[in-house]
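Trainee: Could we go through this model together? I would like to start with one residue and then change topic.
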Amino acid sequence: MEAYLDNAATTRVLPEVAELMTRVMTEDYGNPSSLHGKGFEAEKYIRTASEQIAATLKCEPSNIVFTSGGTESNNQALIGTALANKRRGRHIITTAFEHPSVHEPLLYLEQQGFEITFIPVGSDGSVSKDVLAEALRDDTILVSIMLVNNEVGAIQDIDGLADVVKKHDPDIVFHTDAIQA
């Protein structure tokens, strides 16, 4: 009997997902930006996926952006948010326990003149709401805290942490890397 204990990193896909992916890669493989039959078919898949994800997240399909993976998504979210909000402030808060796909873009932003506060986590891997509240400042524009730690599996109280941030200033962007979840 096999016991696979690394599902936070890679999980076997459902058979129906593998079947759909095979069909898209072998039959409906068109460029969704092209104006031909294969392109229109590919665009339908993207439109359907956007609508399904938006319904789940209770947002508009136009708010859904597809990327090649988690690293690109985190780079886009963090760097894009910081640069778009730099006139409001240059302070960013994260934990000392983030995945490199969050940590590295924040180090890049630090080189660009942003100030990054790395708050500690407790012995159980959790972020204290009090510690987060103390780190917030008037020039804080972004907070990034992962949902599930990729090394120890600690699960953060994202709703509670976001509440702390939004009570301080509703304009602060709260980002969470939920890839491991």
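This is a predicted model: local features need pLDDT of at least 70, side-chain atom pairs count only at pLDDT 80 or more; totals for chains, interfaces and linings use all residues.
Trainee: Where is Gln156 placed?
Mentor: Gln156 sits in the loop between β3 (140-144) and α6 (158-168); helices (H or I, at least four residues) and strands (E, at least two) are DSSP runs, numbered from the N terminus.
Trainee: Is Gln156 buried or exposed?
Mentor: Gln156 has a relative accessible area of 8%, so it is buried (under 20%, with exposed over 50% and partly exposed in between; 1.4 Å probe, protein chains only).
Trainee: What does the side chain of Gln156 reach?
Mentor: The side chain of Gln156 reaches the backbone oxygen of Gly125 at 2.7 Å and the backbone nitrogen of Val127 at 2.8 Å.
Trainee: Which residues of α6 are buried?
Mentor: In α6, the buried residues are Ile158, Gly160, Leu161, Ala162, Val164 and Val165.
Trainee: And what covers the buried residues of α6?
Mentor: Their cover includes α5 (129-135), β3 and β4 (173-175).
Trainee: Changing topic, where does Val13 lie?
Mentor: Val13 lies in the segment before α1 (15-26), and at 44% relative accessibility Val13 is partly exposed.

Terms used
Residues are numbered from 1 along each chain as its sequence is written. Side-chain values use heavy atoms; hydrogens and water are left out. A polar contact is a pair of N or O atoms within 3.5 Å; within protein, one must be able to donate a hydrogen and the other to accept it, and residues adjacent in sequence count only if both atoms are side-chain atoms. Contact means heavy atoms within 4.5 Å.
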